Amino acid sequence: GHLVGASPNAQFMAGLVGSCFGLVGAGGAFLLFTSAYPCILVETADCEFPLPAAAAWKAIALAIENGITIGYSIDDTMTPEGLGLTIAFPLIIVVSMVAQHFWIPKRFHWVIPNWNMIALSWLLPAPYAVAQIIGQFALYAWQALNGKSAEDFKYPVAAGLISGGAIAQLI
């Protein structure tokens, strides 16, 4: 909305109306896919396609719902190294964020990684990471050729490419 000069009230109303249509569309799409592919809801049903991203998100949902046992879980999946990383990574992230906020000059903030993206990259299958790298290099080239155009249209183009990729996977 900001790019086209819409007021905050108009942006809110557009988001509200869009969410209502999205609820209907998402519900309908869910019903369509679960009737076409029962393996989405029933683990024992055969799937015609792999679901690596869905399996990763399912593992996260189960961990959130059931909790994670610190130390060794029932099936010995938590090793001492895993426990160490479970403690070390949050500490590293907190220290880097505090350092970025209080001590590192703003011109060097690009050095601090985006920890959300790192975590997301561990959940998504490799083709998504490859697509992100290709998209980032394409954006760098676009910015070098026409910085104003890249700044104005990078988000709509990225959204279109993501949607097109999703539609292509369905076909």
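I located Phe137 and Tyr140 in helix H5 (residues 126-145), 3 residues apart, about one turn of the helix. Helices here are DSSP runs of H or I with at least four residues, numbered from the N terminus. I note that this is a predicted model, in which local features need pLDDT of at least 70, side-chain atom pairs count only at pLDDT 80 or more, and totals for chains, interfaces and linings use all residues. Residues are numbered from 1 along each chain as its sequence is written, and side-chain values use heavy atoms, without hydrogens and water.

I found 2 aromatic pairs in the structure. Rings of Phe, Tyr and Trp (its six-membered ring) pair if their centres lie within 6.5 Å; planes under 30 degrees apart are stacked, over 60 edge-to-face and the rest tilted. Phe102 and Trp103 form a tilted pair, because their ring planes stand at 55°, with the centres 6.4 Å apart. The rings of Phe137 and Tyr140 have centres 6.2 Å apart and planes at 65°, so I recorded this pair as edge-to-face.

I then checked accessibility (buried under 20% relative accessible area, exposed over 50%, partly exposed in between; 1.4 Å probe, protein chains only). Phe102 is exposed at 57%, as is Trp103 at 63%. Phe137 is exposed at 56%, whereas Tyr140 is partly exposed at 46%.

Lastly, I looked up Ile40, which lies in the loop between helix H1 (8-36) and helix H2 (52-66). Ile40 is partly exposed, with a relative accessible area of 37%.

Key:
Helix = DSSP H or I, 4+ residues; strand = E, 2+ residues; numbered from the N terminus.
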